[in-house]
Amino acid sequence: MATGAGVRAGIGFASSHADDPFEAMADLVDQLGTEPLAGAVIFCSQHYDRDSLARAINLHSECTTVIGCTSSGELTDAGYDHDSLTVIGFPAADFCMTSHCFDDIDNFDPVAAREIVRTLAAQAERDSRRLGGLVNHVALFLVDGLSHREELLTLTIQDALGDIPLIGGSSGDDLAFRQTAIFDGGRFHARAAVVAILSSTRPMHVFKAQHYQPGAAKMVITGAIPHERIVTEINAEPAAAEYLRLAGHAGEELGMEFFAAHPPMVRAGGEYHVRSIQSANADGSLTFYCAIDEGIVLNIGEPVDRIAGMRQLFSDLHARVGEVDRIIAFDCVLNRIDAEQRQISRDVSALYAGNRVIGFNTYGEQYHALHVNQTFSGLAIGR
């Protein structure tokens, strides 16, 4: 991937299904061409050997800022994709990108982190002066999807960023729930997060959309293990059984498809947000993708017309940024599962492809100071 000054060009994007990481990276570089890049973001299927993939990335990215993560599916020019390696390249003529990796988030220090992020923002301001004109800044954020640390990091980093909006996603591993990883500094990191400030004179707008509304069925969490995101009791009954009673029908079983179709929702800040369930456990408890605690009141979510909602969203984004170059999306893996169950995944893929959506399927999304679930969130960039 080339570096340095260049002429105006569209945001680069390439995708490969080659099994060998060196072949895949060579394929991506051929597709991207020689346009100098200010930085790049890589999303990869968990089937790639990470050490080999890191070496392959480094072979082609000397002096270029490259961040990325493992995924639970990729969003490419074909819409929903899988088992691929994808790269987004930001042309140096129109963009600057600077990043910092928090590589030990189990011992994350909010005070120190705020100072680091403020320094990073100041550096982005200085570096982007070469672009001239009015420069817009957005923070791209990728975090370990199994860390249980997203809420603290997102809140802390957005606070330090001030007016710079944060958007991002939690890394995945194809629903194996064993090890997700963040890429920065030439290697993959476990238990890590990376924030990159993207600067450009182009219009950039962050957004969040969800495909559910709160239904009438309510449940109160009456037993929980917050640090493990486990709910043991709902309405003073075993959690899994009570959730199934409220949301289910005779003969249905708890599983990923059921969780995707019947997401719990919580009211916060005047809006309802999904609090997705990750798994039902052998002891009758439920593990969530997000922070949870006793006393929280949840509604069972009901689907809205996703296709109509997405069309309206894309229309609004085009109105906001003008002609869209790319929409970088962080789309919850449960949205993908639900689309497959409702047999609308082809329609969703066509909408994504037609509106130049690229990105990955996540274990959670970050929007401003919020860690959220089962949303379609992202960054729209104009030409």
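Reader: In what kind of crossing does α1 pass α2?

Author: In a right-handed one. Note that this is a predicted model. Helix α1 covers residues 21–32, and helix α2 covers residues 50–59.

Reader: What makes α1 roughly parallel to α2?

Author: The angle. The two helices pack at about 30°, with their axes 8 Å apart. Angles under 35 degrees count as roughly parallel. The pair falls under that limit, so α1 is roughly parallel to α2.

Reader: Which residues make the contact of α1 with α2?

Author: From α1 come P21, F22 and M25. From α2 come S52, L53, R55, A56, I57 and L59. By class, seven are nonpolar, one is polar and one is charged.

Reader: Which residues of α3 and α4 meet?

Author: In α3 they are P110, A113, R114, V117 and R118. Their partners in α4 are L152, T156, I157, D159, A160 and L161. The contact has seven nonpolar, one polar and three charged residues.

Reader: How do you know how α7 and α9 are oriented, and at what angle do they cross?

Author: Helix α7 (residues 306–321) and helix α9 (residues 345–354) cross at roughly 5°. Their axes come within 10 Å.

Reader: How many helices and strands are in the protein chain?

Author: Nine helices and 26 strands.

Reader: What makes the protein chain as compact as a globular protein of that length?

Author: Its radius of gyration is 20 Å. The globule rule gives 21 Å for 383 residues. The two values are close, so the chain is as compact as a globular protein of that length. Along the principal axes, the C-alpha atoms fill a box of roughly 60 × 45 × 40 Å.

Reader: Where does UniProt place the FIST domain?

Author: At residues 35–238, in an unreviewed entry. Over residues 35–238 the chain is 20% helix and 44% strand. The end C-alpha atoms are 57 Å apart.

Definitions and conventions:
Residues numbered from 1 in each chain as written. Predicted model: local features only at pLDDT ≥ 70, side-chain atom pairs only at ≥ 80, totals over all residues. Heavy atoms only, no water. Contact = heavy atoms within 4.5 Å. Helix = DSSP H or I, 4+ residues; strand = E, 2+ residues; numbered from the N terminus. Nonpolar A, V, L, I, M, F, W, Y, C, P; charged D, E, K, R; others polar. UniProt positions renumbered as here; feature names shortened; annotations may be inferred. Rg over C-alpha atoms; globule rule 2.2 N^0.38 Å. Axes fitted to C-alpha atoms, helices over the stretch in contact; angles between N-to-C directions. Parallel < 35°, antiparallel > 145°, perpendicular 65-115°, else oblique. Left-handed = near helix turned anticlockwise from the far one by under 90°.
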